[in-house]
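This briefing is for a reader new to the structure shown below.

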Amino acid sequence: MKTDLEIAQEAVMEPIARVAEGIGVPEEALELYGRYKAKISDEYLDRLKEQPDGKLILVTAINPTPAGEGKTTTSVGLGQAFGRLGKKAVVALREPSLGPCFGIKGGAAGGGYAQVVPMEELNLHFTGDFHAVTSANNLLAALLDNHIQQGNEFQIDSRQIVWKRCLDMNDRALRNIVVGLGSKADGFVREDHFVITVASEIMAVLCLAEDMDDLKKRLSRMIVAYNYDGAPVTAGDLQAVGSMAALLKDALKPNLIQTLEHTPVLVHGGPFANIAHGCNSVRATRTALKLADYCITEAGFGADLGAEKFFDIKCRVSGLKPDAVVLVATIRALKYNGGVSRTDLGIENLQALEKGIVNLEKHIENVQKYGVPVVVTLNSFVSDTEEEVLFVKRFCESRQCEFALSRVWEKGGEGGVELAGKVLQTLETKRSDFRVLYEDSLPLEDKIRTVAGEIYGAGRVTFSAAAKKQLKKLTELGFGSLPVCMAKNQYSLSDDPKRLGRPRDFELTVREVYVSAGAGFVVALTGDVVTMPGLSRKPSAYGIDVNEKGVITGLF
């Protein structure tokens, strides 16, 4: 079998203007980045506002494992399958981060014959959106330190600076640093920190902003520090908003590319789901809904993180209402949750499958709590047996959700026709009665308990002394009505990544709480989640190269 990169490099792409024409977007509405990438202009987006919305389909998954689930591959393949059925569909995805690309996770372009192209450009610099976020983030950091250096008018307490610098790379050495060393002219000495760009609040702000005016308002509200009296100091106070908005002007526009079968794909924004809210931009999703009869989008990691945040943050903030959910699983991953080692996942093991399928069961229950109909799909592997597939099919149907086998990795859109048919049938026969999990008026601590209990299955939640103090302060500052964004490991429903399957009645510990006032949510840190990842012993970067013809090799 060819590698993903080989398949992508052999693809014959359509000029992006022709792809856009297929969904009614004129060439004058495009801002071209070469022949195969484009941004859609603000003027054209404004003209779309009166168009009716299509159906919104969310693709999510069980908890990710080393065996892989193929959520993006399924999203892309489903979009291609809709095209084969003569349906007008647009896929809306997140942009990949360079950190995981050169680390171990890989890119975000799908795989096999269900990919987004140009794959190399998407996974590397793309249209520069992440660089713009990085620059805006670090401009604010520079203005903050300069304000202190130039007299500290706002009496900022250097021990209570919460704004961090960022870099779109896995670099553990930057997690905790000291700045200002040297002479008096080099600034005040203080401890500082870096986060990966996808964990920057500016990334979340970009993905939740409706337009430039809303972007500026959100940027202005971002808290950078607290003064000696404990009052917040914002980016607006530091007069940073205009210059940050100038850096983000083009990054605010959705990017249009295509799949291997020329299905239109809007790829825009990319906050991590285990740290931030894990969804592509509201603007891209809204645009896809206006341009097509069906918008297929995805949320990061498993349904306990990505889907919960899609529902409770993105939909709450934007007013979006999903019509159906596709929940992706694999036989291999279910057996892994049942205790099978990675080396034995290709061997039929119905006992382990029965033990591990409780992870899928919990995710089905979670999505159904939001009132949205569910279609479960198995991302097919050649090692899957008929008995194993039949077991999962019967399990799903007994829980009132449709089931379909997906072979999009191997066959592209053709391999997703069965899944597309089930999704269309579900949209026609089952009505979505979408509702969020908790009300805005619920206290922050109770919102955290609700997510932990209802979605994760925790029996109790404990708060560190620091977290309790932070919750009290944030409530007093007027942030009690915001939704919560749970920062948790992606591998388990619990805050312990080694607890697979469906852990029950465990204790979840919240160690820190802070507000992303611009994004509009309160972040609760659990377990050992870090906001600046590190590289592995053998990172993917070792295998990436460029040959004498300028062709990239080793990129998946």
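A residue is called buried when its relative accessible area is under 20%. The model is predicted. With that cut-off, the buried residues of helix α8 are Glu-201, Ile-202, Met-203, Ala-204, Val-205, Leu-206, Cys-207 and Leu-208.

**Helix α8**
- Helix α8 covers residues 201-208, and because 8 of its 8 residues are buried, the helix is largely enclosed by the rest of the structure.
- Where α8 starts, a side-chain oxygen of Ser-200 comes to within 3.1 Å of the backbone nitrogen of Ile-202.

**Nonpolar cores**
- In soluble globular proteins, nonpolar side chains tend to be buried together.
- The largest nonpolar core has 88 residues, and those touching the most other members are Leu-360, Val-376, Val-392, Ile-448, Tyr-456 and Val-515.
- Apart from residues up to four places away in sequence, Val-392 touches Ile-331, Leu-334, Leu-353, Ile-357, Leu-360, Leu-378 and Phe-403.

**Phe-82**
- Phe-82 lies in helix α4, which spans residues 71-84.
- Phe-82 counts as buried because its relative accessibility is 0%.
- From C-alpha to C-alpha, Phe-82 and Phe-556 are 26 Å apart in space, with a separation of 474 residues in sequence.

Definitions and conventions:
Residues numbered from 1 in each chain as written. Predicted model: local features only at pLDDT ≥ 70, side-chain atom pairs only at ≥ 80, totals over all residues. Heavy atoms only, no water. Core = buried A, V, L, I, M, F, W, Y, C linked by side-chain atoms within 4.5 Å. Buried < 20%, exposed > 50% of the residue type's maximum accessible area, 1.4 Å probe, protein only. Contact = heavy atoms within 4.5 Å. Helix = DSSP H or I, 4+ residues; strand = E, 2+ residues; numbered from the N terminus. Polar contact = N/O pair within 3.5 Å; in protein donor to acceptor, adjacent residues only side chain to side chain.
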